[in-house]
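Subject: Structure handover, aromatic contacts

Hi,

Here is the structure I promised to pass on. My notes on its aromatic rings follow below it.

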Amino acid sequence: MDKRTSAKPYPAPVSIRNGPVEDATPQTNGNGKRKSRSSTNHVSYKDNSDSEDGRLAKRQKKIVSDGSDDEVLSKRKSKLPPAADETAVLEDSDDDQPLNAKFAAKKKAIEKNAEKEAKALQSKSKKPTPKKAVKDESDSDVPLAGAKGKKRAANGISGKGKVNGVKKEDSDSDAPIRKKAKTTPAKTKVKAEKPTPVKKAPAKKAKKEVSEEPGEGEDEEEEYRWWDAPKKEDDSIKWTTLEHNGVLFPPPYEPLPKNVKLIYDGTPVNLHVEAEEVAGFFGSMLNSTHNVENPIFQKNFFNDFKEVLDRTGGATDRHGNKVDIKEFAKLDFKPIFEYYHAKNEAKKARPASEKKAEKAERDKLEAPYMYCKWDGRKEKVGNFRVEPPGLFRGRGEHPKTGKVKKRVMPEQITINIGKDAKVPPPPEGHKWKAIQHDNKATWLAMWQENINGSYKYVMLSATSAVKGQSDFKKFEKARELKKHIARIRKDYTQDLKAESMADRQRATAVYLIDKFALRAGNEKDTENEAETVGCCSLKYEHVTLREPNVVIFDFLGKDSIRFYDEVTVDRQVFKNLRVFKKPPKKEGDDIFDRLTTTQLNKHLSNYMPGLTAKVFRTYNASYTMANLLRELKVSDTTTMAEKIKLYNDCNRQVAILCNHKRTVGASHEAQMEKLGDRIKGLKYQKWRTKQMLLDIDPKQKKKKGASYFELDPDLDEAWIQEHQNFLVEEQRTKIQKKFEKDNQKRQEEGEKPMPDKELKERLQAADELAKKFKKENKTKKVEAEGRGTTVEKIEANIQKIDERIRTLELQAADRDGNKEVALSTSKLNYIDPRLTVVFSKKFGVPIEKFFSKTLREKFNWAIKSVEDVEDWEF
């Protein structure tokens, strides 16, 4: 018998994340290009055998004993490491289960609680839906609808058009989906802009114009509490009046000095200024080896560079003879790199006063673009700068990496502004592509970039009322899902055995999205976009099955971050996935070949208006966080640092649920070592303070016991000697920097700088500290420092040092626990910020401990909307 079958039963569906990643570099999935959905035309799931996975009534009782029905793509011999260790440093864990496994029982309880809550909410507002007959749980793969009973049409459409009280979407057929024609969105009518004359520039009226800065010079206006304002009748109208100053263009290209040339095959060449700029893009980034050594990056750059060369007359040597540039390998960009590198170093080495003056000049230039007037309110604009030209890098293995991003011209930019507002003037000699007055759009300007043909928009900043309202609606939609989650889970559990294969696939996909927070996934154009995957676009090779119910996912997810996850699933889900992988399917074929993201979202919208697959991530993250925070045990003796760590532990579990992973940074070990040294430094300081206690009152040794005054076991003589040298050098450096700063200030004020004699006198303090340490090492005694030192004062100091040690130990544990988990992503995008505000208020933790200044501005609506609410719940 297989050892696996005799092992202890698997827990409830739970993810074991953060498995081994053998190669840190992004990888492509499968063999090269991703195949279209049409690659699996007319796949038959019927089998001549009477296997339990067949669609026939007969089934085999034979149990599969093979450990795996397909091999994991990345062969792993080593045991999978746990996802996250216990982060408490003062408690020993009695088991070494991964964090996900420990979270399994809690997660199951949270799901049951959610279903009870959903039923209670639904019973208040709606009548219960009629129950569908549910077959007893068994290993059978026979569909719920019997073979002799009434057959359901593909995608679950019954004669009346509804199943279980939920309207079903139209289905094409039960055959695999083929490529469909894309619909072209209707274009908004815009009016063309006439060119601005070069010679005559209109006189500017500073007082009336918006051009200086909308809202500048006005009194501080009252805060717009949109969350308290009555709801608009027409939510599609975003603004009534809109004024802004357009966009800020990057500075023009500065040509290279005449002595700095691109070298081809050993010959310095002269280039047209446009070609020289493109050569500079590559030459300035030679230190980015990840990009410049990438063959695809090199090929794409060279093709675009050659195109610019051909258009601008090519290259010539110093005598004017034409040089035919044919091979990338013969190009030498080092002179260009050295020029830009020296320029950057010189810029860094400038005095502080020069940097300050440059910043002031830059701020003055940007000031008119930073704010707009939105319905009379001053709102901050987010990305008002037009992206400068350069080389496209892309995320992951992007096929267009290295291509030239062209300079965006005013003729490419459409301005969106109020009808009565003054249109911002384009740069002299240019005109805007168009001016429009679309009050249903929230963007101020837009243009189309040349790499992927995608549109770039100038929007309001994350702190604006418009963005705040968008966040509010997102979290309210997730709260609304609470009412429907029980019915959705019940329906997809039943449809896991549906007769229609399309319904089975949809139910399995919703199960994976709900239980494991997979993204829905959209079809990619692999020639123009990096090959990344979501649930609906999973390929044959991305899913590995291991009996009895383990599923291994291994693919590149959003932003080309590797998603490796080993999960235990319901038995029926496991069997469905095995059916979806049956021959003739092979590598490159879709797992869900009868399902698209559009169809999935259309089905979900029948349960609740606006419900899509991505709402599940927000709901599960926020609901899980709410339950975890509710169960926290916080007493009056719990310190501030402990409360923060408890919150972060909850945040970490949500981040793991959402697969918000990150690779361990190269500096992590160094940071942990530095933090460890700080803790040891405080322990040494504590030991010295205790020795001062003996210096004042030797009787304390008998009173407190000899062990109280012993050196901490983490410290040894060699480390103490090294630490003492560090303290002396640290003081010496501080004195020197203070002296230099004082002298610089005196020079700026026109005073005579202090002589070097003053510095020598100040440095004597460091020499005295070194002598003191030397004496202490010799006598093994520490003299009390300061005036009027008493036993009470020293004991109070020892207590303060103990608190600092405890705080740093908690920080160290927190940081080490977060080395592979990104807490900020879930906090920023998926956890309702009002949960954090309520926790902060309930336990007296300043909100600054959880939200940075930027986040406090972004979530101002959340902080203010629940500040007077005692019992707010998600």
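Are Y684 and W687 buried or exposed? Both are buried. Please keep in mind that this is a predicted model.

Now the ring pairs. The count comes to 27 aromatic pairs. Here are two of them in detail.

Start with F282 and F328. Their ring centres are 5.5 Å apart and their planes meet at 75°, so this pair is edge-to-face; the cut-off for that class is over 60 degrees. F282 belongs to helix 3 (residues 273-283). F328 sits in the loop between strand 9 (322-323) and strand 10 (331-332). The two residues are 46 apart in sequence, so the pair ties together separate parts of the chain. F282 and F328 are both buried.

Next, Y684 and W687. This aromatic pair is stacked, with 6.1 Å from centre to centre and 25° between the planes. Both residues lie in helix 15 (residues 668-696). They are 3 residues apart, about one turn of the helix.

K378 has its charged end over the ring of Y371, 4.4 Å from the ring centre. K690 places its charged end over the ring of Y708, and here the distance to the centre is 4.0 Å.

Best wishes

Technical notes
Residues are numbered from 1 along each chain as its sequence is written. This is a predicted model: local features need pLDDT of at least 70, side-chain atom pairs count only at pLDDT 80 or more; totals for chains, interfaces and linings use all residues. Side-chain values use heavy atoms; hydrogens and water are left out. Rings of Phe, Tyr and Trp (its six-membered ring) pair if their centres lie within 6.5 Å; planes under 30 degrees apart count as stacked, over 60 as edge-to-face and the rest as tilted. Helices (H or I, at least four residues) and strands (E, at least two) are DSSP runs, numbered from the N terminus. Buried means under 20% relative accessible area, exposed over 50%, partly exposed in between (1.4 Å probe, protein chains only). A charge sits over a ring if NZ of Lys or CZ of Arg is within 6 Å of the ring centre and within 35 degrees of the ring normal.
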